Amino acid sequence: TQTMRIPEPEVINPTSVPSLKWGIIGPGGIAEVFVAACQKHTAQKFHAVASRTPGRAEEFAKKFEIPKTHDSYEALVADSEIDAIYIASWQVEHYEHAMLALNAGKHVLVEKPITVLPEHAKEIFALAKEKGLLAMEAMWTRYLPQSTIIRKLLASGELGKPQLFTANFSADNRHIARLWQKGGGSIIYDMGIYPIAMSQQFLGSPSKITATGTLHANGLDAESHSVFEYASGARAQVTASGIATLPTTASCSFENAVVVVAEPFFVPSGIKLRDKELYFTEEVWSDETEVRGHDGLSYQATWFAKYVSEGRVESEVHPANEVIAGIEIAAEICKQMGAEPL
């Protein structure tokens with residue numbers, strides 16, 4: 001019998017947090033999606049943008065009605081009117097740009113993964129802490145309404161002990177050149193990082209990782225299959241492919257129930273809470289807001305502003321140690337496969 005209920009999500013009113021003035025480093029495709037989503041669904045203000053590509057900052061600023069452009073990242077971070085910097089440059093450049101911004105006294109929201117090397121991530125968080133600034137990885141899934149439901153379900157203890165988690169992010173992304181170039185992403189760091197972060201949300205970080213997969217001609221991972229084992233006795237299986245396409249699903253079996261995140265699990269979707277019968281009964285919560293697909297990137301900006309107003313140096317729901325552990329997991333998967341993302 002299904003007695004458990006799905007709790008209400010926690011959604012922060014975008015007007016209840018400060019309107020920070022943002023600067024943008026790396027105005028590429030993901031920055032366009034982020035800025036458009038924020039302008040539509042938040043009270044955040046974009047003040048200035050800089051790019052190393054001539055004319056790119058001006059073009060971006062015009063498109064999004066951003067008042068200022070700077071001809072260098074140094075000039076951008078030195079702009080006294082800017083509160084926070086959104087960093088959306090190539091993954092291999094995140095560390096340099098985050099350190100530059102923090103050293104200039106700016107809070108940073110860094111596209112995921114915050115860095116490719118775990119030791120670089122540690123340095124970013126250490127510097128932010130030392131300077132009393134917020135450093136946050138843009139793991140936007142952690143700030144979606146459905147993630148607040150998952151946290152409440154886990155905190156209630158009603159689910160019982162976790163048993164098995166499974167998540168899959170496989171999409172034919174062969175047309176995205178950046179993913180197949182060293183330093184530009186790679187499948188595990190760009191796509192696999194989502195199921196990894198979701199496995200961490202449900203089960204914490206693993207004590208053992210076993211990974212296998214296939215490599216692209218240039219030595220990057222093309223597809224990976226990983227099994228994680230945990231001190232609790234639970235296990236997880238995570239698949240990431242940049243060639244095959246499969247339903248983007250995530251679910252976790254517990255002693256007393258099954259939690260299914262509706263697909264695609266990394267955008268605003270829904271939660272299903274099922275009993276463990278073959279012919280199950282379930283309660284369903286669907287995200288009915290107007291924030292659809294990648295517009296969900298806007299939630300993290302509102303949470304970021306809330307954390308800044310509270311004087312936090314790291315995200316409460318995706319803290320530094322978990323971000324670093326996520327990068328370590330991705331690095332270990334690459335190592336076991338013989339993949340070289342850099």
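Mentor: I shall begin with the strands and their turns, and then turn to the cavity and the pocket.

This is a predicted model, in which local features need pLDDT of at least 70 and side-chain atom pairs count only at pLDDT 80 or more, while totals for chains, interfaces and linings use all residues. Residues are numbered from 1 along each chain as its sequence is written, and side-chain values use heavy atoms, with hydrogens and water left out.

Strand E8 covers residues 208-215 and strand E9 covers residues 221-229; strands (E, at least two residues) and helices (H or I, at least four) are DSSP runs, numbered from the N terminus. E8 and E9 run antiparallel and are joined by eight bridges, where pairing requires that DSSP find at least two bridges between two strands. At this pairing, Leu215 stands opposite Asp221 of E9. The hairpin of E8 and E9 has five residues between the strands, and there Gly219 adopts a positive phi near 95 degrees.

E9 also has a partner in strand E10, residues 235-241, to which seven bridges join it in an antiparallel arrangement. Here Phe228 faces Ala236, a residue of E10. E9 and E10 likewise form a hairpin with five residues between them, and Gly233 in the turn has a positive phi of about 95 degrees.

The structure holds one cavity of 30 Å³ or more; on a 1 Å grid over the protein atoms alone, a cavity is a set of points where a 1.4 Å probe fits but cannot get out, and lining residues have an atom within 4 Å of a point. The largest cavity contains about 40 Å³ of space, a volume being the space filled by probe spheres set on the grid points, which are joined across faces, edges and corners. Its lining includes Glu137, Met139, Ile193, Ile196, His318, Glu322 and Val323. Helix H7 (187-203) and helix H9 (320-337) are the elements that give two or more residues to this lining.

The largest pocket holds about 760 Å³ of space, a pocket being an open set with protein on both sides within 12 Å along at least five of seven lines. Of the 33 residues that line the largest pocket, Gly29, Ile30, Ala88, Arg178 and Asp190 are the closest to its centre. Helix H1 (29-41) and H7 are the elements that give two or more residues to the pocket lining.
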